[in-house]
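Please keep the sequence and the model in view while reading the points below.

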Amino acid sequence: MTYLPSADRYKKMQYRRCGHSGIKLPAISLGLWHNFGHVDVTETYRKILHLAFDSGITHFDLANNYGPPPGSAEENFGRILKEDFRGYRDEMIISSKAGYTMWDGPYGDWGSKKYLVASLDQSLKRMGLEYVDIFYHHRPDPETPLEETMSALDLIVRQGKALYAGISNYPAAEAAKAIAILKDLGTPCLIHQPKYSMFVRDPEEGLLDVLGNEGVGCIPFSPLAQGLLTNKYLHGIPEDSRAAKSTGFLQKDQVTPERIAQIKQLNDLALKRDQTLAQMALAWLLKDKRVTSVLIGASRAEQLADSLKVLDNIAFSAEELAQIEKILAA
Ligand SMILES: NC(=O)c1ccc[n+]([C@@H]2O[C@H](COP(=O)([O-])OP(=O)(O)OC[C@H]3O[C@@H](n4cnc5c(N)ncnc54)[C@H](OP(=O)(O)O)[C@@H]3O)[C@@H](O)[C@H]2O)c1
């Protein structure tokens with residue numbers, strides 16, 4: 001059956017400006033790291049993509065290596081774009097990245113110009129696109145001069161293969177340098193993608209200040225700590241969870257009794273706010289104006305539907321925030 005997007009999709013979402021740029025992103029963006037590979041079920045991820053677009057999610061985040069196998073998330077996304085979303089490309093912000101191991105030999109990893117340019121060409125072919133909206137360097141490379149990696153992003157944007165440049169996993173000091181180099185080159189850094197959640201607070205140690213001061217957007221990834229910050233692990237590790245799957249990145253030993261104790265207390269607080277824990281965890285990030293969007297994952301459309309309800313309440317009282325800090329410090 002032909003997919004027809006919901007006519008009122010843009011009324012359902014909030015859009016937030018990305019740093020000082022011309023781009024607005026939905027408060028919730030969808031990432032395709034897990035659940036969209038060849039190991040996954042087409043009809044399940046097709047439903048997730050339909051619900052996302054129907055709900056005003058315009059931003060879809062990929063990378064060369066998403067799958068498994070690596071590259072298959074881009075292939076599957078490209079196929080569904082062609083089959084279901086023909087005619088809607090201009091309503092979407094599609095991103096990809098290179099920086100982690102992708103192919104054998106010295107040119108399929110890290111941050112050389114050779115790797116970034118070749119990898120984006122491969123990503124575009126897999127997705128059947130002429131350009132991506134955002135192309136990221138996926139992680140800092142300690143050996144390649146930062147100038148080379150940033151000039152690769154600049155080149156890619158000038159070639160029209162990406163509209164905007166981004167960086168991911170760069171700590172505050174490296175991010176500041178990368179942002180300055182890109183500015184000099186005339187291709188401003190649009191956005192930074194750090195790991196950030198109630199359980200991973202590193203961006204608060206300088207990175208958010210850099211991004212706020214420089215007018216660069218921030219899109220935290222794994223805002224639900226890969227599912228830990230939901231009601232999923234309250235009673236152990238369910239079979240259908242990322243921690244239980246052999247292809248999942250979340251390891252069973254990360255689900256410790258101490259973590260579960262914190263999750264239970266956070267869950268109780270969320271219920272008092274009339275929210276699920278997932279909704280409260282996302283709201284907690286979105287309360288900071290420097291956070292442009294939260295980049296979530298979902299293994300089922302029902303999870304996405306649940307997370308989307310965060311938009312009903314992203315405000316916290318000082319008392320609630322203090323309670324959260326107390327739970328996280330334990
Ligand atoms: N730049 C980088 O280096 C980098 C690294 C990692 C991720 N990312 C990006 O960030 C995106 C999101 O990462 P992530 O998937 O780790 O994000 P996440 O939102 O922290 O975790 C998603 C997982 O949480 C569970 N979940 C989600 N919503 C739920 C709900 N409402 N109730 C119960 N469980 C729920 C599901 O787990 P189950 O599968 O167990 O059901 C889902 O697969 C990725 O797709 C990717 O685009 C970027």
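A polar side-chain atom of Gln303 lies 2.9 Å from an oxygen atom of the ligand, a polar contact in the sense of a pair of N or O atoms within 3.5 Å (within protein, one must be able to donate a hydrogen and the other to accept it, and residues adjacent in sequence count only if both atoms are side-chain atoms). The model is predicted: local features need pLDDT of at least 70, side-chain atom pairs count only at pLDDT 80 or more, and totals for chains, interfaces and linings use all residues. Residues are numbered from 1 along each chain as its sequence is written, and side-chain values use heavy atoms, with hydrogens and water left out.

**Ligand surroundings**

- The elements that give two or more residues to the shell around the ligand are E10 and helix H9 (301-308); helices (H or I, at least four residues) and strands (E, at least two) are DSSP runs numbered from the N terminus.
- H9 gives the most to this shell, with three residues.
- In total, 32 residues surround the ligand, and the closest are Asp61, Ser222, Lys232, Arg242 and Ser299; a residue is counted as near if one of its heavy atoms lies within 4 Å.

**The sheet**

- Eight strands form an open sheet with parallel pairing, in the order E9-E8-E7-E6-E5-E4-E3-E10; two strands pair if DSSP finds at least two bridges between them.
- Strand E9 (217-218) and strand E10 (294-296) are at the edges and have a single partner strand each, so one side of each is left without a neighbour in the sheet.
- E9 runs parallel to strand E8 (residues 189-193), and two bridges join them.
- Across this pairing, His192 stands opposite Cys218 in E9.

**Ser29 in strand E3**

- Ser29 is located in strand E3 (residues 28-31).
- Ser29 counts as buried because its relative accessibility is 0%; buried means under 20% relative accessible area, exposed over 50%, and partly exposed in between (1.4 Å probe, protein chains only).
- The side chains of Ser29 and Ser293 are joined by a polar contact of 2.6 Å.
- Beyond residues up to four places away in sequence, Ser29 touches Ile57, His59, Ile219, Ser293, Val294, Leu295 and Ile296, where contact means heavy atoms within 4.5 Å.

- In soluble globular proteins, nonpolar side chains tend to be buried together.
- The largest nonpolar core here has 98 residues, and among these Phe60 and Leu266 touch the most other members; such a core is a set of buried Ala, Val, Leu, Ile, Met, Phe, Trp, Tyr and Cys residues joined through side-chain atoms within 4.5 Å.
- The largest share of this core, nine residues, comes from helix H8 (residues 277-286).
- A second, separate core has eleven residues, including Cys18, Leu25, Ile93 and Ile219.
- Apart from neighbours within four places in sequence, the contacts of Leu266 are Met198, Phe199, Leu229, Leu277, Met280, Ile324, Ile327 and Leu328.
- Ten of the ten residues of H8 are buried, among them Gln279 and Trp284.
- The cover over the buried residues of H8 includes strand E1 (15-17), E3, helix H7 (257-272), E10, H9 and helix H10 (318-329).

- Most residues other than glycine have a negative phi, and most peptide bonds are trans.
- The peptide bond from Gly67 to Pro68 is cis, with omega near -5°, and the bond from Pro68 to Pro69 is cis with omega near -10°.
- Pro68 belongs to the loop between strand E4 (59-61) and helix H2 (72-84), and Pro69 is also placed in the loop between E4 and H2.
- Gln226, although not a glycine, has a positive phi of about 65°; Gln226 lies in the loop between E9 and H7 and counts as buried at 15% relative accessibility.
- Asp274, likewise not a glycine, has a positive phi of about 60°; Asp274 is in the loop between H7 and H8 and is exposed, with a relative accessible area of 73%.
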